[in-house]
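Work through the exercises below with the sequence and the coordinates side by side, and try each task before reading its solution.

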Amino acid sequence: MKVNPARFLSDLHALRQFGASGVGKGIVRPAYSEADVAARAWLAGRFKEAGLNVHYDPMGSLFGLADGPSILLGSHSDSQPEGGWLDGALGVIAALEVARAAKEAGGPAVSVVSFQDEEGRFGVTTGSTVWSGALSLEEADKLTDRTGVTLAQARESMALMAGDFVDPAQFSGFIEMHIEQGPWLDQAGDVVGVVTDIVGIRDMRITFEGEQNHAGTTPMHLRKDAFQALGAFNALIAERFQNVVTPQTVWTIGHVKLHPDAHSIVPGRATFSMQWRDGDANRLARMEDVIRRAAHDVAEARELEVTFGPMLGLEPVAMDAKSRGALEASAQALTEGRWRLMPSGALHDATNVAQHMPVAMLFVPSINGISHAFEEDTLEVDLVKGLEVLAGAIERLG
């Protein structure tokens, strides 16, 4: 089975034209946007040319299905609001090239997928979460993006393409190739990383409700400033996490929205996202307890109200030993020892797919560890080497 590097790179560069930002190789291709839908239509054409059966599920996830039982490869093709050209897209195009090479060699059977809304416009890896059954389509449709658009409204842009959900039972396993999105491979000069496990994640919105008032006449000691509460909460959780977290644990506050968000008004409401990640499910639960208690304590001390949105998240997932072993053997044969085992601190669709089948992941370096930014990039020689390692693993799995 021989992959075609020129064909692979040509398709990868062609895909980045959909939603091109005009800044380097960056893209703006959020889920269900015009650029995203157009990119999926283009991918569907490439899948069909490769002899795969094109199928969109109700979420808009795009499958290129081989006839009969097969192994599933892929990732996602939507982007962050300001994203890089390789995040997700690499895994889809690499899967397509391996599927073509396998077909040209007479087997094995390889199917391809580009999951919808991996980047979480409406949640956390939304398309594969719904496909896995962890979240019903009816419940997912109620999710909103940060502008208030519901998933149900966004899905209307793909309604005419959508069919039924694809049965996971037809796949023997799933392998997702991805850029590392971190600095370790690049700093070490390694060519690929074979993933050992994917961290778990928790994500929810928190709202502090205070009292809107005049910014010039309200004394500081009488204010019920929702943003001041957010600042105090941020400092308090960092203090209380000290005996809970490890150096690998991370947490982030984002999507801060103040009301009424004006120069001369004490903000009466602050809504923000709270996300935390770790490889230990028990630690994630302990962090949730710290977060909720800290928010309540801050609200009580400042005479505010606090409310919590729905909890979203995924459990930590270990990679399948057999699939991982095939990647390790292929990496050892093709990289002259320039590969490593490593965990994934980023979340991926493979976490959800693991509910139905064995999964594994392969990383290639990110230059300077940059991702989720227009500057995201990887040397083409590393992209091709990752593709070859993926193809070698598929041959070994048969």
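The model is predicted, so local features need pLDDT of at least 70 and side-chain atom pairs count only at pLDDT 80 or more, while totals for chains, interfaces and linings use all residues. Residues are numbered from 1 along each chain as its sequence is written, and side-chain values use heavy atoms, with hydrogens and water left out.

**Exercise 1. Helix H9**

Solution: Helices (H or I, at least four residues) and strands (E, at least two) are DSSP runs, numbered from the N terminus.

Next, list the residues that are buried (under 20% relative accessible area, with exposed meaning over 50% and partly exposed in between, for a 1.4 Å probe and protein chains only). In H9 these are Arg283, Leu284, Met287, Val290, Ile291, Ala294, Ala295, Val298 and Ala299. An α-helix has 3.6 residues a turn, so residues three or four places apart point the same way. On the other side of H9, Asn282, Arg293 and Glu300 are exposed.

Just after H9, Glu303 takes a positive phi of about 60°.

**Exercise 2. The largest nonpolar core**

Task: Find which residues touch the most other members of the largest nonpolar core, and which helix gives the largest share of this core.

Solution: A nonpolar core is a set of buried Ala, Val, Leu, Ile, Met, Phe, Trp, Tyr and Cys residues joined through side-chain atoms within 4.5 Å. The largest one has 64 residues, of which Phe8, Leu90, Val98 and Leu383 touch the most other members. Helix H3 (residues 89-104) supplies the largest share, 11 residues. With contact meaning heavy atoms within 4.5 Å, and residues up to four places away in sequence not counted, Leu383 touches residues including Phe8, Leu90, Met177 and Val364.

**Exercise 3. Strand E6**

Task: Identify the strands that pair with E6 and the sense in which E15 runs relative to E6.

Solution: Two strands pair if DSSP finds at least two bridges between them. E6 (residues 192-198) is mostly covered, with 6 of its 7 residues buried. It is joined to E15 (residues 339-344) by 5 bridges in the parallel sense, where Val195 has Met342 as its bridge partner. E6 is antiparallel to E16 (residues 359-364), with 2 bridges, and Val194 stands opposite Leu362 there. E14 (residues 317-318) also pairs with E6 in the antiparallel sense over 2 bridges, with Ala318 as the bridge partner of Asp197.

**Exercise 4. Two single residues**

Task: Classify Ser61 and Glu380 by relative accessibility.

Solution: Ser61, in the loop between strand E1 (53-56) and strand E2 (62-65), counts as buried because its relative accessibility is 0%. Glu380, in helix H12 (residues 380-397), counts as partly exposed at 35%. The C-alpha atoms of Glu380 and Pro5 are separated by 9.5 Å, although these residues are 375 residues apart along the chain.
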